Amino acid sequence: MSIAPKPTSALLIVGHGSTENPDSSTPYFDHADEIRSRGLFAEVCCCFWKEEPSMREAIYMIDSDEIYVVPDFISEGYFTQDVIPRELQLNGPTTVVRGKTFHYCLPVGVHRSMTELILRRAKEVAPDVDPAHTTLIITGHGTGLNQNSTKAIRDQADLIAASGAGYAAVLDAYMEEPPFIAEWDKMSPTPNVVVVPFFISDGLHSYQDIPVLLGMEDEVGAAASQREVFRHNPHHLREKTLFYSSAIGTERLLADVILDQVSDFDKLHKSL
Amino acid sequence: MSIATQLHDLLRSGIHRIGELELQTNVCNFPYVICHSADAGLSTESAFGGLEVHEGPADARELSTYAEDGTYRFTKGQTNLKRGWVMVLENEQDLLLALDQFYPACVGLFIAQKGGILEIETLRDKLNRQTGMYRFARTISDTGAQKLVQEICGPAHQCAKKILWKLDADTPLDESEASRFNGIPGDLPESEAIPLLCREACNHFVAECRKAAKAEFEAKAAEA
């Protein structure tokens, strides 16, 4: 989808970030760089919950009076419905805060174009497997804090199952709530299993925690960028052949999904 | 006036430093050149004195993510910026883009402070908004928080930011090197540097508050 240039508006990409993992914020900056290079906005900035600049500092680095806020998050849940609006002092789709007009877009993860990105990622990581003998598992965090947090993943699993991609099974699984990703082998009816982490970054969860839960590693390893040797697929574990991809958010095309969300916001909320 | 234009004016007025970065103008036909302040002498020599040259702001994030020894610089105010490089920039927009990677929002925060519109957030405000595992941080005592400032903040603990916040509206920080620090590492006069401003406690401080709060809780439980 193409987007009309917005030469007097800013794009503010909001991410989680981390004070512990240096890779956590890399995709957000990559997405910002990509969009900035296209010259569509007057400014493109990032801000974070657990990294600098904070969401409350962001307003001080933006000149534009109109700001599109896109949560670079995978689900419409606790962060996008509670934390980000509170931190940016937003009370609806459009809010004027200290003289600036903020448009609050939906998070990237709930956009319909994510389905295609997941299928691409699954194909890249296991190009030669026959989908008919393969289970595709989309895995996320899961949290008791907000019931919506897993909805985006369940929706994607349903969409892919109905898409004709041909996988024997398409499942959702989580780190901290059932169905647990640690039981990937029990839930998969096929000899081949492809696991795609539905996270934005190859940070603590997708690169360090989930590999332990999958049984690929005995203990949490170093951050992705600090490894000399990246994991090699496939992994022969628990009598199955496992393919594990990097996080979906590291896909550079996610920049297009950010723009799609801006475009969808305009269609839904602004009379053009 | 845009932030980039105001930055340009600040440099013309004699400012040449932010954090550990030296900001130079019109060096080797480049309008703006930045480097570690300890490399400032080299950067004006021919071929930048052998410093590794980075053209444009794109590498600013990479240069500022790890210290020389490879450790993650988890807050950008840390005084362990890598040396040995120089970045050449074509205009003030690119300069601002680079500075916002090295010291996120710090130019804008300074301009807002000068204009009297910078809103400061107390520690209690910050802690009371924490979620998940960090929610417990809010239980830290005032005494514990004051102690942490002196154990974590300030140049003695590798942070070059000037703390603007109080514990709450009525409780300023205790006098200490950390609470007095002006946000300008080195011995530069205030007229020559953009200070690094800490308008809200950083996430590292919040994480340490959580640890200290847990220790306080456990100590009380042990006493009971």
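**View 1. Strand 4 and strand 5 of chain B, side by side.** In this predicted model, strand 4 (residues 52-55) of chain B runs parallel to strand 5 of chain B, and four bridges join the two. Look for B:Val53, which sits opposite B:Val86 in strand 5 of chain B. To get from strand 4 to strand 5 of chain B, the chain passes through helix 3 (residues 60-65) of chain B, making a right-handed β-α-β crossover.

**View 2. Strand 5 of chain B and its antiparallel partner.** Strand 3 (residues 30-36) of chain B also pairs with strand 5 of chain B, here in the antiparallel sense and again over four bridges. A handy landmark is B:Tyr32, found opposite B:Leu89 of strand 5 of chain B. How many of the five residues of strand 5 of chain B are buried? Four of them are, so strand 5 (residues 85-89) of chain B is largely enclosed by the rest of the structure.

**View 3. Where the two domains of chain B meet.** At the meeting place, 21 residues of domain 1 of chain B are in contact with 18 residues of domain 2 of chain B. On the domain 1 side, the elements giving two or more residues are strand 1 (17-18) and helix 5 (106-114) of chain B. Helix 5 of chain B gives the most to that side, with five residues. Sorted by class, the domain 1 side that touches domain 2 of chain B has nine nonpolar, ten polar and two charged residues.

**View 4. Zooming in on B:Phe110.** This residue belongs to helix 5 of chain B. Is B:Phe110 buried or exposed? It counts as buried, because it has 26 C-beta neighbours inside 10 Å, and the cut-off for buried is 20 or more. Setting aside neighbours within four places in sequence, B:Phe110 is in contact with B:Ile194, B:Pro195 and B:Leu197. As for B:Leu196, its C-alpha is 7.7 Å from that of B:Phe110, although the two residues are 86 apart in sequence.

**View 5. Chain A against chain B.** The contact between these chains takes 16 residues from chain A and 21 residues from chain B. On the chain A side, helix 2 (residues 55-58) of chain A supplies the largest share, three residues. By class, the side of chain A that touches chain B has seven nonpolar, two polar and seven charged residues.

Note on methods:
Residues numbered from 1 in each chain as written. Chains lettered and ligands numbered in written order. Predicted model: local features only at pLDDT ≥ 70, side-chain atom pairs only at ≥ 80, totals over all residues. Contact = placed C-beta atoms within 7 Å. Nonpolar A, V, L, I, M, F, W, Y, C, P; charged D, E, K, R; others polar. Buried ≥ 20, exposed ≤ 12 C-beta atoms within 10 Å, placed from the backbone. Pairing = 2+ DSSP bridges. Right-handed = clockwise from strand over helix to strand, strands pointing away.
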